[in-house]
Amino acid sequence: QVELVESGGGLVQPGGSLRLSCLASLNSLSSYIMGWYRQAPGKGRDLVAAIATGGATYYADSVKGRFTISRDNTKKMVYLEMNSLKPEDTAVYYCNTGATVAFARGPYWGQGTQVTVSS
């Protein structure tokens, strides 16, 4: 059974930073795309950032220059460094993996971690 566990969410003021982490219990994780999605209340779940097996990355336009995704296959971890946070970044953030086509949505999801940006 594949399990993804996110951590690192919380309440932060505008302009602040957070680092999200995701531990994935998936064999051969290095073979899969890893991504971060977010879902704000009343909206769909959208791709924020993704990283391919070779390290190529994708970022949504709204987070380019502010967010950085990285992965450590030996630790089975993916990270999302979020800087210069804005109120519109408020959402539940989900870790995703299992896809092999860049940068497709995979079948495996974490439970989500809440990020709230507010003064």
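User: What makes a residue buried, exposed or partly exposed here?

Analyst: A residue is buried when its relative accessible area is under 20%, exposed when over 50%, and partly exposed in between, with a 1.4 Å probe and protein chains only. This is a predicted model, in which local features need pLDDT of at least 70, side-chain atom pairs count only at pLDDT 80 or more, and totals for chains, interfaces and linings use all residues. Residues are numbered from 1 along each chain as its sequence is written, and side-chain values use heavy atoms, leaving out hydrogens and water.

User: Why is strand E9 called largely enclosed by the rest of the structure?

Analyst: Strand E9 covers residues 91–97, and six of these seven residues are buried, so E9 is largely enclosed. A strand (E) is a DSSP run of at least two residues, numbered from the N terminus.

User: What makes E4 and E9 a pair?

Analyst: Two strands pair if DSSP finds at least two bridges between them. Strand E4 (residues 34–39) is joined to E9 by six bridges, and the two run antiparallel; Tyr37 stands opposite Tyr94 in E9. E9 also pairs in the antiparallel sense with strand E10 (residues 108–109) over two bridges, where Asn96 has Trp109 as its bridge partner.

User: Why is Thr68 called partly exposed?

Analyst: The relative accessible area of Thr68 is 44%, so Thr68 is partly exposed. Thr68 lies in strand E7 (residues 67–72).

User: How do you know which residues Thr68 is in contact with?

Analyst: Contact means heavy atoms within 4.5 Å. Leaving aside neighbours within four places in sequence, Thr68 is in contact with Tyr59, Tyr79, Leu80 and Glu81.

Terms used:
Helices (H or I, at least four residues) and strands (E, at least two) are DSSP runs, numbered from the N terminus.
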